[in-house]
Amino acid sequence: MSGPIVAGKPVGMEVSIAIAEAAKLADVDIVAAYPITPQTHIVEHLAEIVADGDLDAEFIPVESEHSAMSVCCGTSAAGARTFTATSSQGLALMHEILFIASALRLPIVMAVANRALSGPINIWNDHSDVMANRDAGWVQVFAENGQESLDLTIWAFRLAEDKRVSLPVMVNFDGFMLSHVVEPVTLPDAETVRKFLPPFEPLQRLDVDAPRSLGPVGIPDIYTEAKKAQLQVLLDSYGPILETWGAFEKAFGRRYRPVETYRADDAEILMLTMGGLGETAMSVVDERRAKGEKVGLVRIRLWRPFPFDEFRKAVAKCKALAVLDRAISFGGPMGPVASEVKAALYADAHRPLIVEFVVGLGGRDVTFADFHRMWDETAAAARAGKAPAPRMVGLRE
Amino acid sequence: MSAQRETTTRSERPALTPLTRGNPAALDVFSARLLPREDYFSAGHRACQGCAEALAVRLIHKVLGRNTIVATATGCMEIISSSYPDTAWKIPWMHVAFENAAAVGSGIEAGLRVLMRKGRLPKRRITVVAMGGDGATADIGLQALSGMLERGHKMIYVCYDNEAYMNTGIQRSGTTPFGASTTTSPAGRVSIGQQTWKKPMPAICAAHGIPYVATVNPSYPLDLAEKVRRAQKANGPAYLHVYAACPTGWRLAPDLAIEIGRLAVETGVAPLYEIVDGRLRLTCPTPKLRPLVEYLRPQGRFRHLLSEDHKDELAVIQARVAAEYAELERRAAEDARR
Ligand SMILES: Cc1ncc(C[n+]2csc(CCOP(=O)(O)OP(=O)(O)O)c2C)c(N)n1
Ligand code: SF4
Ligand SMILES: [Mg+2]
């Protein structure tokens, strides 16, 4: 980094750097991470900040992502504010430990620069990494731009460490499409962040003066109850999520909601996106609105716990909903988001027609023309009253 | 356990060397009387009768004391000590998974260190221990252990080597001895059983340049206590390799668990030594090794080796044990001159 970064004014900043700056503003005690493209700039920048003495933290250069997440479990259980970041194969390698971190209620914060899973090996963006870990019991959110990536990273610590929650939080943002672009980002000043984010007071810690056993065997007699308790905590995190986003808005003036909509109120045809595609989709909405079409956008920000009520409300009046998936559920219902959305609406009296698209796999561009075509197809399906089979967009056959 | 348990009667067994004779050095510091009374790994756990691994855990934590935090790998010692809502642990204890105890322990150590530095925890000496079985250490967790040693975390890693994956039903591991019959290296008409030699874990750890490595054995409690203290005082990572007799997996009479540990040392199968800053010292020198068969005979896992069919292999094993012991003696003598 060249020169100090001024708080309060938008500056051009690589999004990865903004996320690292967010972890610094959060005054993390521990960063344990392993390099993988496109996440690497985050941890490189944090290593630099620590090496320069600008952040009093331990940077632990582990030998794998499996160990990164395992070290994070240890540091968090010791009572240290813990941050890590990864992508793709790294997230896959952590898979086993993700489930344990949430079961142990360890408030680790992780930024995931979403990238396609091998094979073939591909370093570019899609959501196959996070989708393979959607049921890991973490709170999961998606950012769409640099500012959101920074904001949500700061907020993630506040939510994770809220004693009613005490769960790990994953902040997803698109690899390369976001991680490597320079965007205008406003850094909050450290004092406001300090007020928003009080020092970490763990729900439970490894303390020689009050010994406890963490991670015991759960026999069949108690396993079901343990899982129910874990599920309940994740579901109950919904209230604190809204509350802490409220507090965030008060402190920083930017508003976040579990489901965010764009020109959706009177829309007949809606499109649903998660992550960075939402920004392009909004521009396309504007173009079509200019031509008098009643189209709008629904963006899922909170992926876990899934905001069922908000989602139903958002799509309550539309005729058809195009769902854009960036991963495949192999041999299953094609797109994981679409199948979830359909399940959410199954019991409802009003069910919009759902048209499914799989787009942008492994970094494939999703162009304005692609968006228009998807909207045209969805409108045609709405007219016909019948949804076509799920389609992979941009596929050369 | 499907295999028949076979026992040796006391009269068939050879007389052992008195415990104090081999290791006068240990007695300079420790006598049984000086061992703390308190236990932090309490009675009532679910280990099998005669489990020397559980005994070693108890002894080690007796010495380490109350200001200790433990990260345990999945395996026998985790299962038998922690079934919710019970716990055998009177000190803070954490279990995450099978292959990552060294990483979890690294995290605990680093977490405490940074919190003490930042003034959020009072500065005090807390010993962090990561522990795992031989499978957790030598096989699936070797990478995490290597990372922990390389990064130089000031903590102790303890490998409880019962020479197989016992928790999952006696499958072979990288430290199962040559010729041992396990459920995945069964002795059969065309196989002698395990066909590889023990992975040299203490040497692998010592090669990382850490300040303290030692082999310990609960059949030698004072030697063990002495080494645990040294590991605790080491200025960097310390590695303890525990010879841990498992009556269930070895098909050994439970009342022979201590005696087999003594025979392991006296036959040269599991020598006791420490490597302090790279210098090796035998802590229980055994100038004249007992015949290997005395060690093999009481154990069902080796019984097939004693048949006429395996005469040649037995000689090979005996020769290798002797050669490895001679090499340790040579190295110890050389290091003593350094
Ligand atoms: C990733 C993973 N693979 C396999 C297992 C199954 N497993 C649990 S304990 C164990 C063997 C433990 O052997 P060892 O480390 O030698 O400990 P022991 O039980 O012998 O004391 C195995 C294979 C697991 N829990 N996790
Ligand atoms: S199987 Fe062996 S190591 Fe495991 S508890 Fe029983 S005796 Fe101990
Ligand atoms: Mg074992």
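Helices (H or I, at least four residues) and strands (E, at least two) are DSSP runs, numbered from the N terminus. By that naming, B:Pro200 lies in the loop between β4 and α8 of chain B. B:Pro200 has a relative accessibility of 47% and counts as partly exposed, where buried means under 20% relative accessible area, exposed over 50%, and partly exposed in between (1.4 Å probe, protein chains only).

The model is predicted: local features need pLDDT of at least 70 and side-chain atom pairs count only at pLDDT 80 or more, while totals for chains, interfaces and linings use all residues. Residues are numbered from 1 along each chain as its sequence is written, chains are lettered from A and ligands numbered from 1 in the order in which they are written, and side-chain values use heavy atoms, with hydrogens and water left out.

**Metal site**

The magnesium ion (ligand 3) is coordinated at 2.0 to 2.1 Å by B:Asp134 (OD), B:Asn162 (OD1) and B:Ala164 (O). B:Asp134 lies in helix α6 (residues 134–139) of chain B, and B:Ala164 in the loop between β4 (156–161) and α8 (201–206), so this pair ties together parts that are 30 residues apart in sequence. Donors are N, O and S atoms within 2.8 Å of the metal (3.2 Å for Na, K and Ca); water is not among the atoms, so sites may look incomplete. The donor spacing in sequence is D-x27-N-x1-A. Both B:Asp134 and B:Ala164 are buried.

**Cores and domains**

A nonpolar core is a set of buried Ala, Val, Leu, Ile, Met, Phe, Trp, Tyr and Cys residues joined through side-chain atoms within 4.5 Å. The largest has 96 residues, of which A:Met69, A:Phe311, A:Leu321, A:Val341 and B:Met94 touch the most other members. Helix α5 (residues 101–117) of chain B gives the largest share of this core, 10 residues. Domain 1 (10–252) and domain 2 (259–392) of chain A both contribute residues, so the core lies between them. A second, separate core of 56 residues includes A:Leu55, A:Phe196, A:Leu197 and A:Phe252.

The domain bounds come from an automatic or database domain assignment. Taken over C-alpha atoms, the centres of the two domains of chain A are separated by 28 Å. In contact (heavy atoms within 4.5 Å) are 26 residues of domain 1 and 25 residues of domain 2 of chain A. Leaving aside neighbours within four places in sequence, A:Val341 is in contact with A:Leu272, A:Phe306, A:Phe311, A:Leu321, A:Val323 and A:Ile354.

**Backbone features**

Most residues other than glycine have a negative phi, and most peptide bonds are trans. The table lists departures from both patterns.

| Site | Feature | Value | Loop |
|---|---|---|---|
| A:Ser118 and A:Gly119 | cis peptide bond | omega about -5 degrees | A:Gly119: between β5 (109–114) and α5 (128–131) of chain A |
| B:Tyr84 and B:Pro85 | cis peptide bond | omega about 5 degrees | B:Pro85: between α4 (76–81) and β2 (93–95) of chain B |
| A:Ser166 | positive phi | about 45 degrees | between α6 (146–161) and β7 (169–174) of chain A |

A:Ser166 is buried, with a relative accessible area of 3%, whereas A:Phe176 is partly exposed at 22%.
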